[in-house]
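Dear colleague,

Please find the structure below, together with its sequence.

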Amino acid sequence: MVIGGSLGGLAAGIALREAGWEAEVFERSWGELEGRGAGIVVQPELLSFLEERRTVRSEVGVPAEARQYLDPDGRVVRVERRRQLMTSWGKTYTHLRALFPEECYHRGKELVEFEWGGDGVVARFGNGGEEECDLLVGADGTHSVCRRLLLPAAVPEYAGYVAWRGLVREGDLEPSLERIFSRKFTFFLGENTQILCYLIPGPSGELAEGERLLNWVWYWNVPEGDGLREVLTDSDGKIHDYSVSQGRVRGDLVERQKAIAGEVLPDAFGRLVAETDEPFVQVIHDLSVPRMAFDRACLVGDAAFIPRPHTAASTAKAVANATALAGTELL
Ligand SMILES: Cc1cc2nc3c(=O)[nH]c(=O)nc-3n(C[C@H](O)[C@H](O)[C@H](O)COP(=O)(O)OP(=O)(O)OC[C@H]3O[C@@H](n4cnc5c(N)ncnc54)[C@H](O)[C@@H]3O)c2cc1C
């Protein structure tokens, strides 16, 4: 039984079924998840996982031909010719969902507790349901219930900064911005701040020019306490734990951040941030666990480790965990 039906949970479910297990995925959300993500840098682990299962490389994402670095005046000061594939969370989720049987993916199933004995694990869900299994795989992300039950002392720690993020449709970009950013993975490393951007597939996985999205991520220091609470308070006054989604960030905070962008970022990035309709915010956390395997349960993906996003490693690591798990002699 896999708890969590995002990228880590799906990869674990797919790999375990291929290894002969009758893996089922239990996901707490009722709705479809695919429209909710932004950019993901495709690392070799993810690419091999998809290609080994007959996904065509050109269908995985959008190629960036080089990395380029801007200085504060917007001049390109360094170019590294390095081809890299960029994708979206939604496109990756769609590819993985297609590899996992629909009837084994259960929605609206929020794990609240589990216990195990000699014969197996009993998992209990928020709606009152109960399921038995031989092995429980906790792929339930940053705020994992599985981890809380197995390792109560292991909690994510605030890293001292947030990521402001945004998406702009390629076809809506000003031509001057399109010229600077298209086909490139672009960075600006400023004082105490960093911003990057790259093209990803469109909202429904579109790969055609014009329909893709320019995805930007801007790391910004926010003090813990009142500062962080303010950023995490949405337009309805609700305080979130670790992200405020598109359309929910307070308008005054968006305007303030856009004004800061105009002051501290190179002109092209400042204009890109200003052009973005509904930027959103994610808090950066650190987490590592002392162990991942426990008798009849284990932790994979973000439930176990959260690498900083600069490493672009979370999804690759979740997929690598899934592959390693399926290759392990279990029980
Ligand atoms: C909707 C969504 C959009 C994302 N977009 C991006 C993105 O644009 N860029 C990026 O780099 N990363 C994104 N991520 C995070 C990315 O998927 C992970 O960092 C990485 O791939 C590791 O995935 P994971 O499956 O371990 O964790 P996660 O992707 O966090 O998935 C955890 C899953 O477990 C489910 N869950 C949580 N608690 C329970 C419970 N008690 N019972 C049952 N299910 C539970 C959650 O609903 C979620 O689907 C996104 C995650 C989600 C869920």
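This is a predicted model: local features need pLDDT of at least 70, side-chain atom pairs count only at pLDDT 80 or more; totals for chains, interfaces and linings use all residues.

Helix α1 and helix α3

The axes of α1 and helix α3 (residues 89-98) cross at roughly 25° and come within 10 Å. Axes here are lines fitted to C-alpha atoms, for helices over the stretch in contact, with angles running from 0 to 180 degrees between N-to-C directions. Helices (H or I, at least four residues) and strands (E, at least two) are DSSP runs, numbered from the N terminus. α1 passes α3 in a left-handed crossing, meaning that the near helix is turned anticlockwise from the far one by less than a right angle (clockwise would be right-handed). On the α1 side, L7, L10, A11 and I14 meet T92, Y93, L96 and R97 of α3; two residues are in contact if their C-beta atoms, placed from the backbone, lie within 7 Å. The residues of this contact divide into six nonpolar, one polar and one charged. Ala, Val, Leu, Ile, Met, Phe, Trp, Tyr, Cys and Pro count as nonpolar, Asp, Glu, Lys and Arg as charged, and the others, Gly among them, as polar.

Two further helix pairs

Helix α2 (residues 44-51) packs with helix α9 (residues 314-326) at an angle of about 55°, their axes being 7 Å apart. That makes α2 oblique to α9, and the crossing is left-handed. E45, L46 and F49 in α2 meet T315, A316, V319, A320 and T323 in α9. Five nonpolar, two polar and one charged residue make up this contact.

For helix α7 (residues 251-264) and helix α8 (residues 267-275), the angle is about 165° and the axes are 7 Å apart. These two helices are therefore roughly antiparallel to each other. Their crossing is left-handed, and the contact is made by K258, A261 and G262 of α7 with F269, G270, V273 and A274 of α8.

The ligand

Around the ligand there are 32 residues, of which G4, S6, G8, G141 and G301 come nearest; a residue is near a molecule if its C-beta atom, placed from the backbone, lies within 6 Å of it. α1 (7-18), β3 (39-41) and α9 each supply at least two residues of this shell. By class, the shell has 12 nonpolar, 13 polar and seven charged residues.

The domains

The protein is divided into domain 1 (2-31 + 107-156 + 287-326) and domain 2 (62-84 + 157-285), with bounds that come from an automatic or database domain assignment. Their centres, taken over C-alpha atoms, are separated by 30 Å. Seven residues from domain 1 and eight residues from domain 2 take part in the contact.

With kind regards

Note on methods:
Residues are numbered from 1 along each chain as its sequence is written. Angles under 35 degrees count as roughly parallel, over 145 as roughly antiparallel, 65 to 115 as roughly perpendicular and the rest as oblique.
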